[in-house]
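Hi,

Here is the structure I promised to pass on. Have a look at it first, then read my notes below.

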Amino acid sequence: MASVRDVLRIGLTGGIGSGKSTVSALLAARGAVIVDADRIAREVVEPGTPGLAAVVDAFGADVLAADGSLDRAALAAVVFADADARRRLDGIVHPLVRARATELAGAAPPDAVVVHDVPLLVETGQASSYDLVLVVQAEEGIRVARLVQRGLTAEDARARMGAQASDEDRRAVADVVLDNSGTHEELAAQVDRFWADRVAPVLG
Ligand code: ATP
């Protein structure tokens, strides 16, 4: 098993609808191992996990659906208007996500390129955990239009953006910024350039 030192750790982030998943897929096609924080955040509170038990301990059985799984809407309603409850929830979930992400990165083969897709990388102050921070951005109106196509209302999309770090905050910690306001092909070309300039030289 590779030690974490042997792998190139890239932190990938961007606002909602900016194109993180699209960039992840392009990097995976080049051989990167993707560690998806959103996906892990769902896994660590699946039925039967210590994570779900801790959430129920903190917030009561009312946050469970009839089948014993986490009722995300009920939990969201609890933490939405209560910053203290939000912090308690984050205090349970974030360490579990980090531990699992570290475990997955540690299991990557030697000389792997590990891309951590972390929507809240800036909000949770994790920029220094990575060898390189890659930020994907797109104009706000374009992101809203893409999210509406995916089924969100424009109002909901803007509210979620407003609750996240700003593009400026993300740019402040970025080593490389990709602009996804254009076509998919234009984004793919930027990912190719990023790989050639910043990844390939490290791989040797
Ligand atoms: P989320 O924060 O919701 O996880 P994300 O940052 O991972 O979003 P994607 O899911 O990659 O973003 O992209 C958002 C939506 O925009 C998707 O439906 C995707 O197919 C579409 N999209 C991404 N890039 C482009 C592009 N260059 N042109 C057109 N549509 C795009």
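**The binding site and some salt bridges**

Setting aside residues up to four places away in sequence, T22 touches H184 and L187 (contact means heavy atoms within 4.5 Å). This is a predicted model, so local features need pLDDT of at least 70 and side-chain atom pairs 80 or more, while totals for chains, interfaces and linings use all residues. Residues are numbered from 1 along each chain as its sequence is written, and side-chain values use heavy atoms, leaving out hydrogens and water.

T22 sits in helix α1 (helices are DSSP runs of H or I, at least four residues, and strands are runs of E, at least two, numbered from the N terminus). T22 is partly exposed at 28% relative accessibility; buried means under 20% relative accessible area, exposed over 50%, and partly exposed in between, with a 1.4 Å probe and protein chains only.

S18 is in the loop between β1 (8–13) and α1 (20–29), and S18 is buried at 1%. An unreviewed UniProt entry lists both under "binding site", among them S18 and T22; such annotations may be inferred rather than shown by experiment.

There are also nine salt bridges (a side-chain nitrogen of Lys or Arg within 4 Å of a carboxyl oxygen of Asp or Glu). One pairs D84 with R87 at 3.8 Å, N to O; they are three residues apart in helix α5 (residues 83–106), so about one helical turn separates them. E140 and R158 form another, with their closest N and O atoms 2.9 Å apart. That pair links distant parts of the chain, helix α6 and helix α7.

Cheers
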